[in-house]
Amino acid sequence: MEQTVDRLVQYFETLNPARVARMGEFYAPQVWFKDPFNEVQGLAQVQHIFSHMYVALDRPRFVVTERIIDGQQCFLTWDFEFYFRGRRNAVLQTIRGASHLKFNSAGQVEYHCDYWDAAEELYEKLPLLGSLMRWIKRRVAG
């Protein structure tokens, strides 16, 4: 399992628009995927999410920071770095998150669930919405 996870980490850390097509080498055809914005089943749906990432964001990339492997599953922590498209003086954005992955007997991912705080990691970084989210956070915190 160690080698399988190493290959998958290397794939994600070098992912680019052309390499999204190779996702079938790592993911099962009926993979289930969930993140704060999506819940889909099937390789084509997962590929669509990652392809769209390259349309919506500028220079997105993953950096895996830790990994825990237990039998046929693993837990990865990562930094997702990107720039917002169409912004002058774009600033590097970083979302910190984690993925819980389960593998089938062929070593392919059949379950992929991403965990990250959309409010803190994304909404607060948007110009208008960010101000509102920070205000709400202060009000709730007392």
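This is a predicted model: local features need pLDDT of at least 70, side-chain atom pairs count only at pLDDT 80 or more; totals for chains, interfaces and linings use all residues.
Six strands form an open sheet of mixed pairing in the order β2-β1-β6-β5-β4-β3, and the largest pocket has a volume of about 460 Å³. Residues are numbered from 1 along each chain as its sequence is written. Local features need pLDDT of at least 70 and side-chain atom pairs pLDDT 80 or more, whereas totals for chains, interfaces and linings use all residues; side-chain values use heavy atoms, without hydrogens and water.

**Sheet**
- Strands are DSSP runs of E with at least two residues, and helices are runs of H or I with at least four, numbered from the N terminus.
- The edge strands, each pairing on one side only, are β2 (39-41) and β3, and the twist averages 20° from one strand to the next.
- Two strands pair if DSSP finds at least two bridges between them; β3 and β4 run antiparallel, joined by 11 bridges, and V64 stands opposite W78 in β4.

- Five of the seven residues of β6 are buried, that is, under 20% relative accessible area with a 1.4 Å probe and protein chains only.
- β6 pairs with β1 in the parallel sense over four bridges, and C113 is the bridge partner of K34.
- β6 pairs with β5 in the antiparallel sense over six bridges, with H112 the partner of L101.
- In the hairpin of β5 and β6, five residues lie between the strands, and G107 takes a positive phi near 80°.
- Helix α1 (residues 2-13) lies across β1, β3, β4, β5 and β6, running at about 165° to β3; the angle is taken from 0 to 180 degrees between N-to-C directions of axes fitted to C-alpha atoms, for helices over the stretch in contact.

**Residue T65**
- T65 lies in strand β3 and counts as partly exposed because its relative accessibility is 39%, between the limits of 20% and 50%.
- Beyond its neighbours within four places in sequence, T65 is in contact with T77, W78 and D79, contact meaning heavy atoms within 4.5 Å.
- T65 and D79 are 14 residues apart in sequence and 7.1 Å apart in space, C-alpha to C-alpha.

**Largest pocket**
- A pocket is an open set of points on a 1 Å grid over the protein atoms alone, where a 1.4 Å probe fits, with protein on both sides within 12 Å along at least five of seven lines; lining residues have an atom within 4 Å of a point.
- Volume is the space filled by probe spheres set on the points, which are joined across faces, edges and corners.
- The lining has 19 residues, with D35, F37, M53, L57 and F80 nearest the centre.
- α2 (43-56) gives the most to the lining, five residues.
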